[in-house]
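Q: I am new to this structure. Can we go through how to read it, step by step?

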Amino acid sequence: MTISAADILEAVDQGSWNTDLGIGSFSIDYSTGRFELPSFRMGASWMVVIAETNTCKYALRIPKLESAKNPFALEKLERMSEILEEKSINWFPDFRLVRDALQVNGELLPVLIMPFIEGYNFSQYIADNRYETEILYDLIHQLEMLENDILRDGFDHGDISVRNILIDGTGNIMLIDPDALHHTTCSLSRSPELGCSSINHPLRTPRDIGPGLCIFPIRIITMILHTIAKEPSLLQDNPDPQAFFFTESDLRNPSSSVRMKRVKRTIKKKYFRPIICALNSPSLMKATEILRPDIHKVSKPVVLFTVDEMLQLDTQPPSPPQVKQKIRHHPKMRTLSLSDEFRISNSNKKEGDGEDVE
Amino acid sequence: MKITTSNPGLVLFLIDGSHSTGVTWGDGKQLLSESIMKQTNQFILDLVINAVFDDGEIRDRIKLSAFVAQGENINWAFEIEQPPEKWLSAEEWANSGRKVENSNVPIWVEYTPQGKTPLFDGWMQSFQIISDFNKQFPGSPVFMVTLTDGDFKELLGSKTDQEKEDMKAQLDVIKADESFVHLVVHISPDNLEPLAFPTSAPNDEFGCFLFDAATWMPAIAFENSHDGQQNRRAYILNADAGGLSKALELGSKLVYLDNKQLESTPLNHEEVEE
């Protein structure tokens, strides 16, 4: 049986925790929930609920897609957690993964725990301050620093968008959502997400993997901020974070985009031209090189293992190859789509039971 | 579907509420109509959670419309009054679900099975609504779901060939828009052999008519499929309760999952490697 977001919220509502989360006694926040369900925030493949203890608030991230629960994705998150702590990163909150933490429809799901960032979501913060040029230029400066920090530390966030940037109580930028977080020491061949299409390069593919993925979205946001600083009326009072300023179509067809033409008339060429050149380039890699010609120098892999650790790794016997368990299918249904989430069954089973049989 | 507040989608349900949906499934536990209502309401809740409720706010990314075809009428399916445009904004529909005891799924759509199935008239009315929506929101996606247990005689028996041709012609105009998806789910309590997402039309006239009424499934549903058969109709014939549930679950995902998310969903290799 596949698990829906509604199932997860119901399990949280019923307190179906399977293990101690290590944050002491807590209660779940319902302040902005609907239909007596907990408050939540929806990500691409995980959803977030908020837990409150006497002293702290935590964001509890729970996977809603099958792909987010696979062992490789979870191991990668655990590794990212270690690296963030090791390098004392200040642009991303530390987090911890607890396996088998929440029971939903008989399945045990992991929960990723991170401190809840009190602050503003980026899109509304910009909208509310669109006439405050000092604040907008400060955000531009912070984004430039953020890009340098991410590259210097050997990371890439993988999914920078206005939804994944928060402004904390002191006005500082903080990134959230570690789903596509990547470090040069982690070997990955495929990105788990392609990011928000209204802020990422239209030619980005799953094969594009960090570092450098952050550059295009950061530069687009920077260009948007320059534009708003000159012409605040171009931004709505309450913009939709899914299409904060541009649409996917604007980025795919910049030469015919009315909005892009408006931006061109509003800001200096030096802010506009690199983005247009990047959008017209034949791949994300080329676009990134246009925006950041020194990308190959600043993003050299950082070796995090000490010599001792490497020797230890070398002396471990190789593990035997794992035999993959084959999944059985109803022959008529099997070919439908991508994953378990899309398989259809239809043979004498109780309602809602989606498992296939031979 | 790429849905935003400036490019909202329309989700439209056309539900067969005829007397025949008042029978139980083969297991004798639940009525067809109860399953239809339950899965439709679950679909709508999934849209609230996954598509329109964002950071504590309702975002008007999806307009919703639903009709129940029963007796002689095509009835507006919601308790909230039918607006002139015949669809509700997200602020209107997302907040109008009625919470009930012992269920985590609120009720938006509720009806009592009765009378015949004027589904044909329901289609004609729905196509007009979609046409109006397309005029107001050009290029915006439309996702229509037809749920029926009807048979040839009930749905088409009284219709002339000319009427059927007219209906097809009107549908073809709407189908020309690539952002239109029509999912046709035909249910049956009789445990008949199901036909799910076929690549070609069945031999019988009724099955063929429903096949033609459905659109092709959006290509994103088959991205990376290894079977080389990506042209499948958004159509299920003789679905049982489980098939109905899974079809609508898939349908809601096609509405709220961004194309990019679907494209990047890693393959389940165990599933495709034989």
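Q: What share of the contacts in chain A with a separation of 6 or more is between residues 24 or more positions apart?
A: This is a predicted model. In it, 63% of the contacts in chain A with a separation of 6 or more join residues 24 or more positions apart.

Q: How many helices and strands are there in chain A?
A: Chain A has twelve helices and eleven strands.

Q: Which of the elements of chain A have the lowest and the highest mean pLDDT?
A: pLDDT is the predictor's confidence in each residue, from 0 to 100. Helix H12 of chain A, residues 307-315, has the lowest mean, 43. Helix H6 of chain A, residues 215-230, has the highest, 97. For chain A, the average is 82, and 82% of the residues score at least 70. Over residues 301-358 of chain A, pLDDT stays under 50. The model has 130 contacts beyond four places in sequence for that stretch.

Q: How much of chain A is buried?
A: Of the 358 residues in chain A, 55% are buried. The accessible surface of chain A is about 16,700 Å², and carbon and sulfur atoms hold 50% of that surface.

Q: Now one residue. Where is Arg163(A)?
A: Arg163(A) is in the loop between strand S8 (155-156) and strand S9 (165-168) of chain A.

Q: Why does Arg163(A) count as buried?
A: Buried means under 20% relative accessible area. Arg163(A) counts as buried because its relative accessibility is 15%.

Q: What does Arg163(A) touch, not counting residues up to four places away in sequence?
A: Its contacts include Arg41(A), Met42(A), Ile176(A), Asp54(B) and Arg61(B). With Asp54(B), the side chain of Arg163(A) makes a polar contact of 2.5 Å.

How values were computed. Residues numbered from 1 in each chain as written. Chains lettered and ligands numbered in written order. Predicted model: local features only at pLDDT ≥ 70, side-chain atom pairs only at ≥ 80, totals over all residues. Heavy atoms only, no water. Helix = DSSP H or I, 4+ residues; strand = E, 2+ residues; numbered from the N terminus. Contact = heavy atoms within 4.5 Å. Buried < 20%, exposed > 50% of the residue type's maximum accessible area, 1.4 Å probe, protein only. Areas by Shrake-Rupley, 256 points an atom, 1.4 Å probe, with all protein chains shown as cover. Polar contact = N/O pair within 3.5 Å; in protein donor to acceptor, adjacent residues only side chain to side chain.
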